Every structure is written in C-alpha cells, then in structure tokens.
Amino acid sequence: MQTLNLMLHPELKNDLPEKIIQFGEGNFLRCFIGWMIDRLNKKNIFNGRIVAVQPTPHGRVIGKLNAQDGLYTTVLRGVQNGATVNEKEIITSVSRGINPYTDWQKVLKCAEDPAIEYVFSNTTEAGLSYNNEDKAEMTPPQSFPGKLTLYLYHRYRYYNGAADKGMYIIPCELLEDNGILLKKLIMKYARQWNLPASFCEWLNEHNKFYNTLVDRVVSGYPKDEAEEFNKELGYADELLVCGEPFHFFAIEGDDCLKEKLPLQKVGLNVAVESDITKYRQRKVRLLNGGHTANVPAAFLAGLDTVAEMMQDKTAGRFACHTIREIILPSVDMDKKMLEDFAEAVIERFQNPFIKHYLLSILLNSTSKFKIRVLPSLLDYHRKFGEFPQELLFAFAAYIFVYKPVRVDKNHLYGLRDGIEYELTDDEENIIKLDAAWKLYNGTPEGAEATAAAVIEDVVLWDADLAELNIVQSVGAYLYRLDKEGSRSVMESLL
C-alpha cells in the first residue's frame, strides 16, 4: 500500500509561506495546533505553514514527516453535543520538519525569514526547564528554552534589533503561566551567556510571550486499528493521529493577537482574553478533579479505563453525580459556563474510542488530589457548611489505592482482586502512606488511625487538615472499602 505523500495526492500541494516555527512535532501538536492552522488555511484566512523542530535528540517523527511531505491524517472520534463524531482529514499545514541536532543552521535560517513571526511549542512540562550544562556555543543547546534563546538572538542580530521583527511566542506546555516561565528562562540564559543588554531590551519590548491553556485528549497512533485505517483511507500513514472532537485553547492575550491569529473566525473553541484564570480553574476542578475524585473508587471496583468507568451502572452514575452535584456547586464561577463544561467533560469521559487507563491517571495521585480535589472539598464546606460525603469517600479511596503489599523507592505495589498493580509517586509520599497503613489492624479504630496519619500530615497537604474533623468519616469509609468493597460504598452514596 502506498504511503501518504504529495505523489499520492498532488492536489494537496501548496506554496503557502512558512509563518510558524514549532518546537515539538508530537501527536498533540499535530492534532491541535497543526489541525487549527489547517482550518484557518482552508478558509483562506491565515495562509501560512508550520516548520516543525524536533525537541529531543532521539525523535523519529521528523524523518517520517518529511517522507510524507508534511502530510498526515487526523481522526477525531467521540460524542459531542449528544452526537457521535467520526471525522478524518488530511492536514496540510506543516511544510517540513528539521532535526536541530543534525541541521541546527536550518533552524537559525528560519530566524532570518521575516514571514516567520510565531513560535509554538509543546516539549512536555519537563521541557520548560533550565539546563545548567547548556552553552551559547552549542549547536544546539539541549533544552528548548536554550534553543529558543539562540534562535531569538540570531533573529535579533540578523535584523539589528528591529522593532518590527519581534515574535509572538505561544507555549502549549501544561504549566501555569507558561509564557511568563519561558520568558524568565530565556532571560536567565541571556544573562548566563553574557548576551548584550540590548538583546534583553529587544526581548522585553518587541517580543510577546503568552500564557496558555490547552485541552484536547489525543490518544496518538492507533496501533491496534492501523491496518483497518489503511484499508479505509486507501493509503498508509505512519503519522495518523487520533483524538477527541472536543478542543479548547485559552490564550492570555489582547486584540492584537486576535487580529494576527484569528482562530475564532473559523469556529474554533478559542478564548483570547486578558485573564485566563477562570478557564484553568474550570479545567482543574471539573475535568482533572473529575478524574482524580472518581478514578480510585472505579479502579478498586475492578474497572480499567475511563470509558468502562462511565459505562458501569454504579461507577458511571457516581462519577456524573459527583461532577454535577458536588464539584460544580463548589466552584465560584459563572454557573452556565460551568454547567456547559461539566456536560462536555461527562461526554468526553464517555468516549468509547479513547482508552484512557485508570492506572495512568492514578500516577502521582497525592499531588493531584491536593491540587484538583481538596479545593472542592474545602470550598463545598465553606459554601454549604458541611463536607460532601462523596469527596470524603474519594479521599478514602485515594488512600486505599495506596495500600501496599510492598514498596520500592518511588514505586508502590498494591493488590486488586489478587493481582498486583504498580503506582508511582514522590518517594517521600510513598514512605508516609506505607507508614500510615502499618497502623491498620483490620478494625475501625485501625482504619481511623491510618486516615489520621495521612490527613493530619501538614507537609503532605501544605495545610493543617486536622482542624477539619474529617478523620473519623474518612476512616469509616476506609474500613468499609476494606470490608464491603468500593462498589457497595458507591451504591450507598447514590
């Protein structure tokens, strides 16, 4: 079977100028930014293409991308507004890929192109970090911020610091204030490398760094269905990427960016506003919190994926109830916006095409519970004068998932139905949870002691939770989880 490329589809060839340099070529960016720019181009609005730069030395995407002439297929499947969606299209917004570890000069050459005004990135959260071993003479530095520093410095020198040659820099890594963080890292490199003060002034005055929030589940290449897709499409595509129909992109920006990059004009779910805090809080509390609050209990009930959780008569009802009736009312925000988002979250959780494994969601659950669920528990109490039993049970289910049969540094091994499972977390967190479970002796008093050891640990939660008086309730749920099982407790709460 022929591979997707311009020889196979010559009608897809275009000569649109390169306008974006993108650090990252992975599944998410191809199914999110590449897909969005393609939408703009097909409406003759943006009329520009993306140069994709490989972020790490060991990537394999760039070779495949160039072999396919920048073409790839997106498959968006799921439920949206009550209707099943199954959309397949060839994306033509990427012109080429560059491996900076073999062709660094090609990357710098892009800095000389006046049409390339935008930087997008998704190099994972770890990619937005400082590498003390990076040097200005490296070709290239290892870190993404180091590469971008040299890229911007090259552009600054090439155009003699021209005011109109600054760039619009839009990182998509899932970190709060990611634009501010990226700028700080670049400034740190500039100082460390003794780059001219005038370069730092040019960065400050003529380049714009935007904070963002991205939201779309992208499952990537469908290995199990690849042969079936090849037959259906009539070609082989090694870069085919599957994702959900839902997408949301919040950019902390101004009207200038709306005009330069008019994503909203083609009906994309994009918000460009001066403050995107509400969108981040909405996502953390309802989407991420909806996962973290419900997944431990569902996993303990013998379920393995989010879709299975939602299809299960008990776990699905419990998850919907917790999101709609407990988490949503705890958030102080526009109710209609929250309700619409909550329904979208439930539809996304129900997506039968995406295998989102509960065990992967359970990784690092301690920090996730602290950031995503604990605020809803506290805010619900503040607003209504009582603690929601559903979230107290969720607290107990989180603790119960960490019931160890053995631990090895930052790895904890538990048993479910006689079968061992593995979790990872901060090593200190695992030590604390392991010690707490040593207090359990199979009695209600032992369960309460275990709950107290976890809940009253100020370091674990960055707060003194002892004064909340929830230990007895959480301990009781721990005991019931051990004696009755998760499904029984969920049913009693519905």
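**Figure 1. The largest nonpolar core of the predicted model and its most connected members.** A nonpolar core is here a set of buried Ala, Val, Leu, Ile, Met, Phe, Trp, Tyr and Cys residues joined through side-chain atoms within 4.5 Å, where buried means under 20% relative accessible area, exposed over 50%, and partly exposed in between, with a 1.4 Å probe and protein chains only. The largest such core holds 85 residues, of which Met-309, Phe-393, Phe-395, Tyr-398 and Trp-461 touch the most other members. Helix H16 (residues 389-401) contributes the largest share of this core, eleven residues; helices (H or I, at least four residues) and strands (E, at least two) are DSSP runs, numbered from the N terminus. A second, separate core of 38 residues has Phe-28, Ile-37, Val-61 and Val-241 among its members. The model is predicted, so that local features need pLDDT of at least 70 and side-chain atom pairs count only at pLDDT 80 or more, whereas totals for chains, interfaces and linings use all residues. Residues are numbered from 1 along each chain as its sequence is written, and side-chain values use heavy atoms, with hydrogens and water left out.

Figure 2. Phe-393 is buried, because its relative accessible area is 0%. Not counting residues up to four places away in sequence, Phe-393 touches Ala-297, Phe-318, Tyr-477, Leu-481, Ser-486, Val-489, Met-490 and Leu-493, a contact being heavy atoms within 4.5 Å. Phe-393 and Gly-475 are separated by 82 residues in sequence, while their C-alpha atoms are 9.3 Å apart in space.

**Figure 3. Packing of helix H10 (residues 277-300) against helix H16.** The two helices pack at an angle of about 55 degrees, with their axes 8 Å apart; axes are lines fitted to C-alpha atoms, for helices over the stretch in contact, and angles run from 0 to 180 degrees between N-to-C directions. H10 is therefore oblique to H16, since angles under 35 degrees count as roughly parallel, over 145 as roughly antiparallel, 65 to 115 as roughly perpendicular and the rest as oblique. On the H10 side, Ala-293, Pro-296, Ala-297 and Leu-300 take part, and they meet Leu-391, Phe-393, Ala-394, Ala-397, Tyr-398, Phe-400 and Val-401 of H16.

**Figure 4. Asn-288, a buried residue of helix H10.** Asn-288 counts as buried because its relative accessibility is 12%. Its contacts, not counting residues up to four places away in sequence, are with Lys-283 and Arg-372. Asn-288 and Ile-361 lie 73 residues apart in sequence and 9.4 Å apart in space, C-alpha to C-alpha.

Figure 5. With 70% relative accessibility, Asn-160 counts as exposed. Asp-462 counts as exposed at 60% relative accessibility.
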